Amino acid sequence: MSCNSCVSKIENQLINTTGITSAKVSLNPPQAEISMSEHVDTVKLNLMLSKIGNYSLQEIHTNGTSILTEVLAETESESKFLTYKPIILIFVYLLGLVFLGEFHKGYFSAMTFMNNFMGGFFITFSFFKLLNLEGFANAYSSYDIIAKKWNPYGYIYPFIELFLGIAFLSSFLPFITNSITFIVMAVSSIGVIESVLKKNKIQCACLGTVFNLPMSTVTIIEDLLMVTMSAIMLILI
């Protein structure tokens with residue numbers, strides 16, 4: 001869990017599970033106190049939680065020792081695909097739409113392709129962040145090097161992405177647009193890389209708090225892809 005949105009989702013899912021009469025979840029420490037009218041084993045609870053994100057529970061005995069719950073029957077590759085399914089679908093849709101635009105013109109332009117892809121990328125990702133601006137800002141401040149020191153940056157960042165998306169699609173001052181993109185995404189990638197190298201188990205806020213995406217190399221690739229595209233376009237302008 002990385003924010004209060006996670007806490008609310010988990011509490012609601014637990015309370016709506018048959019046999020559970022009450023559930024109180026806390027963020028720090030990350031734990032859940034559950035009251036039951038009938039016994040519900042941990043495997044079933046984790047199965048219910050897997051429907052809303054990459055969450056799991058462990059039983060804790062009164063003496064402080066813990067036992068690991070049974071691992072759900074799914075392969076690692078299947079688990080990763082389900083975890084990153086939202087971002088994979090977004091990239092596939094964006095690539096499809098941009099390729100259709102190039103196909104309609106009758107010829108392929110790498111510059112136009114990258115320009116339109118980046119425009120669609122920023123508008124789409126800003127949309128998900130703005131669905132819960134406060135939740136995104138809180139999650140973003142847990143790893144971004146600027147938002148850590150200045151919390152308002154988390155509230156501003158989605159609007160920067162929205163501006164960049166509109167600027168790319170409208171071909172507004174390409175040199176300035178790509179320069180801002182290069183700087184913003186390069187800085188953003190620093191916090192992501194640090195978190196991945198430290199193996200911090202925190203939520204990636206690239207799609208806001210709508211989806212529970214873990215911080216991973218996928219996030220690094222996403223940020224560095226934007227850095228690379230903006231750098232190429234700066235060279236070719």
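Q: With which residue does the side chain of E161 meet in a salt bridge?
A: This is a predicted model, in which local features need pLDDT of at least 70 and side-chain atom pairs count only at pLDDT 80 or more, while totals for chains, interfaces and linings use all residues. Residues are numbered from 1 along each chain as its sequence is written, and side-chain values use heavy atoms, with hydrogens and water left out. A salt bridge here is a side-chain nitrogen of Lys or Arg within 4 Å of a carboxyl oxygen of Asp or Glu. At 3.0 Å, N to O, the side chain of E161 meets that of K129.

Q: How many residues apart are E161 and K129?
A: Helices are DSSP runs of H or I with at least four residues, numbered from the N terminus. E161 lies in helix α7 (residues 152-169) and K129 in helix α4 (residues 110-130), so the pair links distant parts of the chain.

Q: Is K129 buried or exposed?
A: Buried means under 20% relative accessible area and exposed means over 50%, with partly exposed in between (1.4 Å probe, protein chains only). E161 has 3% relative accessibility and counts as buried. K129 has 2% relative accessibility, and therefore it counts as buried.

Q: Which helix holds both E102 and K105?
A: The structure holds two salt bridges, and one of them joins the side chains of E102 and K105 at 3.3 Å, N to O. E102 is buried at 4% relative accessibility, whereas K105 is partly exposed at 32%. An α-helix has 3.6 residues a turn, so residues three or four places apart point the same way. E102 and K105 are three residues apart, about one turn, and both lie in helix α3.

Q: Which residues does S189 contact, leaving aside its neighbours within four places in sequence?
A: S189 lies in helix α8 (residues 174-197) and counts as buried at 5% relative accessibility. The buried residues of α8 pack against α4, α5, α6 (145-149), α7 and α9. Contact means heavy atoms within 4.5 Å. By that rule, and with those neighbours left aside, S189 is in contact with D223 and L224.

Q: How far does helix α9 reach from its first C-alpha to its last?
A: Helix α9 covers residues 217-236, which makes 20 residues. The expected span of a helix is 1.5 Å times one less than its number of residues. The expected value is 28 Å, and the reach of α9 is close to it, at 28 Å.

Q: How many disulfides does a search of the whole structure find?
A: A disulfide is a pair of cysteine sulfur atoms within 2.5 Å. C204 is buried, with a relative accessible area of 1%, and C206 is also buried, at 7%. Across the whole structure, the number of disulfides found is zero.

Methods
Helices (H or I, at least four residues) and strands (E, at least two) are DSSP runs, numbered from the N terminus.
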